[in-house]
Amino acid sequence: MINITKVGLSLLLLTTLSFSAENIILKEKTNLIFDGKVIGYSPILTPVKKVKTSKNKTEIKIKGFRLENYPQMVVRDMKRGELYAEFDEEEMANKSFKVIKKYEDDYGEVWHEVEGKFQIASKQIAKEPAKLYLNAKKTYERTCSMCHHLAASTAYTVNQWPQQIESMMEQVALDAPTKSLIIKYLQQNASDAK
């Protein structure tokens, strides 16, 4: 009986560990809470790790890179500026992230590889990420093919797509959530996304 209990306990522990850091996607612009205070946000379609859930809050982990002289913005990596998080104040950005490693890029800029844990409202997690991505793709196709030939998502790099979409804002008025959805979709499918 004791051996069965130990095996059962081990399986339960293994199951808990395998689900404790699962990848999730945010379904909309999401407030990031640290020490009970909203200190910034993470945009729609941002990949994060779920650490644990309790009631209607979920603890998440965000990993990314930020410039040493501008810690309020965390991006995918040093070369691909897909926004993962943006903070209201430099002090809270520094307080909420742990620096894993420092790097210097080709231009002499110092970057920090960082990770931080935050709380979010559990309802901000996409229950069906595939449907959200399909909606993003359809929104891009519908919105951006009205005036011209639709460019393939691989036509531009992660860093070029925001400028391309911004240049179209005179012809098409997009609300902020739709614009963010399209940009994130294109950045995650850009020519250098992988």
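Let's start with helix α5. This helix covers residues 176-188, 13 residues in total. From first C-alpha to last, α5 reaches 18 Å, close to the 18 Å expected at 1.5 Å a residue. Keep in mind that this is a predicted model.

Which residues of α5 are buried? They are Leu-181, Ile-182, Ile-183, Lys-184, Tyr-185, Leu-186, Gln-187 and Gln-188.

The whole structure holds eight aromatic pairs. One of them is Phe-65 with Tyr-103: ring centres 5.9 Å apart, planes at 50°, so the pair is tilted. Phe-65 sits in strand β5 and Tyr-103 in strand β8, so this pair ties together parts 38 residues apart in sequence. Phe-65 is buried at 14%. Tyr-103, at 28%, is partly exposed.

Next, Tyr-140 and Trp-161. This pair is edge-to-face, 6.1 Å centre to centre, with 80° between the planes. Tyr-140 belongs to α3 and Trp-161 to α4, so the link spans 21 residues of sequence. Tyr-140 is buried, at 5%. Trp-161 is buried too, at 3%.

There is also an aromatic cluster: Phe-34, Phe-87, Phe-97 and Phe-118. Separately, Lys-29 lies over the face of Tyr-41, 4.4 Å from the ring centre.

Last, the cysteines. Cys-144 is buried at 14% relative accessibility, whereas Cys-147 is exposed at 53%.

Note on methods. Residues are numbered from 1 along each chain as its sequence is written. This is a predicted model: local features need pLDDT of at least 70, side-chain atom pairs count only at pLDDT 80 or more; totals for chains, interfaces and linings use all residues. Side-chain values use heavy atoms; hydrogens and water are left out. Buried means under 20% relative accessible area, exposed over 50%, partly exposed in between (1.4 Å probe, protein chains only). Helices (H or I, at least four residues) and strands (E, at least two) are DSSP runs, numbered from the N terminus. The expected span of a helix is 1.5 Å times one less than its number of residues. Rings of Phe, Tyr and Trp (its six-membered ring) pair if their centres lie within 6.5 Å; planes under 30 degrees apart count as stacked, over 60 as edge-to-face and the rest as tilted. A charge sits over a ring if NZ of Lys or CZ of Arg is within 6 Å of the ring centre and within 35 degrees of the ring normal.
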